[in-house]
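Work through these exercises with the structure open. Each task is followed by its solution.

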Amino acid sequence: MVSKGITVLGSSGSIGVSTLDVLARHPERFHVFALTAHTHVERLLAQCLQFRPRYAVMVEPRAAELLASALRDAGSETEVLAGVDALSMVASHPQTDYVMAAIVGAAGLLPSLAAARAGKRVLLANKESLVMSGQLFMDAVREHSAVLLPIDSEHNAVFQCLPRDGKDGVEKILLTASGGPFRTWSQEALAHITPEQAVAHPNWSMGQKISVDSATLMNKGLEVIEACWLFDLPAERVQVVVHPQSTIHSMVSYNDGSVLAQLGNPDMRTPIAYGLGWPERLVSGVAPLDLFATARLDFEQPDTERFPCLALAYEAHTRGGYATIALNAANEEAVKAFLNREIAFTAIPHIVKQVMQMASEGTPMNVEDIIVQDGESRRHSLSFIKNKKMH
């Protein structure tokens, strides 16, 4: 068996850490070629000493200097690179076979796209790449014979439940959502939510940004857009179902009345192992699901009045790519402001809606136009955030 070279984009985050946990269980099948992080020197240092990659990339130059010094002191031969261009270099390198695209937010677009254009197996955990560049990204996958495998638990579940070839008989995709920590809260109570409450997800262990997105249901909105591109379905055939237990990770409804579901404990190592091993299945380290302990499965309609971000995502996808870029940019800036205690939790959807309304119509067909719209939307977002700051 030839060992596959793995590049992990965003190795210091929760998905990156889980990926390395799975890789460590299969040293005969995989070796780590490159690891990347933004500024988390200590964690990347420990990962480099354990997995001995050829390259380590830190986006922030000062962090790269600190990492390089620490690795030299430890006698490591890992070469440290700095800057965003280095992310695309390691993602498209000839010695990279698989790329785990786990950088959070818009920052993950260019290296993920570089991996697709280099014909890699792209394990996509960065939903923003497809939200921002859907048609462009999918065209790159097809034109360069890349293999695109979804790692988000919901999309990975759908992928497991679909026919191997085509979509014969598929009526709709049912994306499950936990509902987040505020599923039962009143509209009035939502206005007083703190960042600490918002990042305390009831089922999943995730980073701060995605935890807030889960609490607003924006995460599910972004996943709807991602699902439309991944599975080539219109938005009306992608339905969100609130399922508080997070045991069913998503479902596919067929025209004969069948509904196929993928179940499991809420642990990202399951979809990661599936992506690494596909079409085989690998040991992931995840405990088997105890159905008797689970006991019950509940389902609810999402409430888009209390959580309007989900409806905004559907609207953005209907309008086209410029609107989805604006949606994503505005949300990233608004979530950052909320975590910094600059705006209220309930201000997030208001800012997103205002910025979306200013977006161009249609869909960009090159990266430059995507970057321009992203920048404009962020500038508009910061202006609206300034007006909504809490005093």
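**Exercise 1: Packing of a helix**

The buried residues of helix 4 pack against strand 1 (4-9), strand 2 (30-37), strand 3 (55-58), strand 4 (79-82), strand 5 (98-101) and helix 5 (109-117). Keep in mind that this is a predicted model.

Task: which residues of helix 4 (residues 84-92) are buried?

Solution. Buried means under 20% relative accessible area. In helix 4, Ala86, Leu87, Ser88, Val90 and Ala91 are buried.

**Exercise 2: Surroundings of Ser129**

Task: is Ser129 buried or exposed? Then find what Ser129 touches.

Solution. Start with location: Ser129 sits in helix 6 (residues 127-143). Next, its relative accessible area is 0%, so Ser129 is buried. Now list contacts, not counting residues up to four places away in sequence: Gly108, Leu109, Ser112, Leu124, Gly134 and Phe137. Finally, the Ser129 side chain makes a polar contact of 2.3 Å with the side chain of Asn126.

**Exercise 3: Salt bridges**

Task: how many salt bridges does a search of the whole structure find? Then examine Asp213 with Lys209, and Glu333 with Arg378.

Solution. The search finds 20 salt bridges. Asp213 and Lys209 meet through their side chains at 2.6 Å, N to O. Both lie in helix 10 (residues 208-216), 4 residues apart, about one turn of the helix. Asp213 is buried at 1% relative accessible area. Lys209 also counts as buried, at 15%.

Now take Glu333 and Arg378: their closest N and O atoms are 2.9 Å apart. This pair links distant parts of the chain, with Glu333 in helix 15 (residues 321-339) and Arg378 in helix 17, 45 residues apart. Both Glu333 and Arg378 are buried. Shared partners join Glu332, Glu333, Lys336, Asp374 and Arg378 into one salt-bridge network.

Methods. Residues are numbered from 1 along each chain as its sequence is written. This is a predicted model: local features need pLDDT of at least 70, side-chain atom pairs count only at pLDDT 80 or more; totals for chains, interfaces and linings use all residues. Side-chain values use heavy atoms; hydrogens and water are left out. Helices (H or I, at least four residues) and strands (E, at least two) are DSSP runs, numbered from the N terminus. Buried means under 20% relative accessible area, exposed over 50%, partly exposed in between (1.4 Å probe, protein chains only). Contact means heavy atoms within 4.5 Å. A polar contact is a pair of N or O atoms within 3.5 Å; within protein, one must be able to donate a hydrogen and the other to accept it, and residues adjacent in sequence count only if both atoms are side-chain atoms. A salt bridge is a side-chain nitrogen of Lys or Arg within 4 Å of a carboxyl oxygen of Asp or Glu.
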